[in-house]
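Okay, thanks for making time, everyone.

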Amino acid sequence: MLTLSVVQTGELNEFEIRSLDGELEALCASVDDVFARPASRENLRAMVRGLLSEVPRKNLWQLAEFAGHPNPDRLQGFLAKAAWGADELRDRVRAYAVAALAADDAVLIADETGDIKKGTKTAGVQRQYTGTAGRIENAQVSVHLSYGSSRGRTLIDRELYLGRAWAGTTAEHEHRCAEQGIPPERATEVATKPELARRMLERAPEADVPFT
């Protein structure tokens, strides 16, 4: 497990930049075994570096361009088809974050966020209220759990909200969820946002996450 220093502000010198770059590579290397193929490990690095970059819009075209790819096909394939354990990766990132940020004043924060979307295929997308827009929009909504202390803050868990357009007992519900790879246990009944938050809050102490 790497030891993170307190986040700095202001300009970094060349030595500090190289040190942080090495730390980022070490973090990516520590989760390489979560991904089945070497190409997926390369695409992980491209995604992470792009998301941390100063690219103004973090869409796949922009991230691919930053990585030197001719088009977003590789990154799209990585997100849509690559074999990797999302929950295992979440657990690794959570452990890494908590080791860096744990303090006597640490707290857990649950909150929801929304992404406005077009179309009907994105998992969980439907017309619903999202605070991101402050109104009802065609959007995907998720609930996140953050870990915060005097040393910093970051996301450590997530749950996708599935409204009545997705979760239900009809053949249409079953087909729609199966098409997007949504687990059967999530597809039959709507779990409210407070319920999703409760599940994440229960996972935290099970993973020995220290908080007040």
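So, start with I156. If we skip its neighbours within four places in sequence, I156 is in contact with R90, R94, A97, L108, L145, S146 and Y147. Bear in mind that this is a predicted model.

Some of those names come back when we turn to the nonpolar cores. The largest one has 18 residues, and the members that touch the most others are L108, L145, Y147, I156 and V209. Where does this core get its residues? At least two each come from α5 (86–101), β3 (135–149) and α8 (193–206). There's another core lying apart from that one, with 11 residues, including A46, L75, F78 and L89. As a general point, nonpolar side chains in soluble globular proteins tend to be buried together.

Now, β3 again, this time with its partner. β2 and β3 pair in the antiparallel sense, over 5 bridges. One of the pairings to find on screen is Y129, whose bridge partner in β3 is I136. The two strands make a hairpin with 4 residues between them, and in that turn G134 has a positive phi of about 75 degrees.

Which residues of β2 are on the covered face? Those are Q126, Q128 and T130, while R127 and Y129 sit on the uncovered face. That's the pattern you'd look for, since side chains in a regular strand alternate between the two faces of the sheet.

Next, helix α6, residues 171 to 179. Its buried residues are H173, R176 and C177. Why do they count as being on the same side of α6? Because they cover an arc of only 95 degrees around the axis. And in general, an α-helix has 3.6 residues a turn, so residues three or four places apart point the same way.

Part of what covers the buried residues is α7 (184–187). Just after α6 there's G181, with a positive phi of about 70 degrees.

C177 has a relative accessible area of 1%, so it is buried. C28 is at 6% relative accessibility, and because the cut-off for buried is under 20%, C28 counts as buried too. How many disulfides does the structure hold? The number is 0.

Terms used. Residues numbered from 1 in each chain as written. Predicted model: local features only at pLDDT ≥ 70, side-chain atom pairs only at ≥ 80, totals over all residues. Heavy atoms only, no water. Disulfide = S-S within 2.5 Å. Buried < 20%, exposed > 50% of the residue type's maximum accessible area, 1.4 Å probe, protein only. Arc of directions from axis to C-beta. Contact = heavy atoms within 4.5 Å. Core = buried A, V, L, I, M, F, W, Y, C linked by side-chain atoms within 4.5 Å. Pairing = 2+ DSSP bridges.
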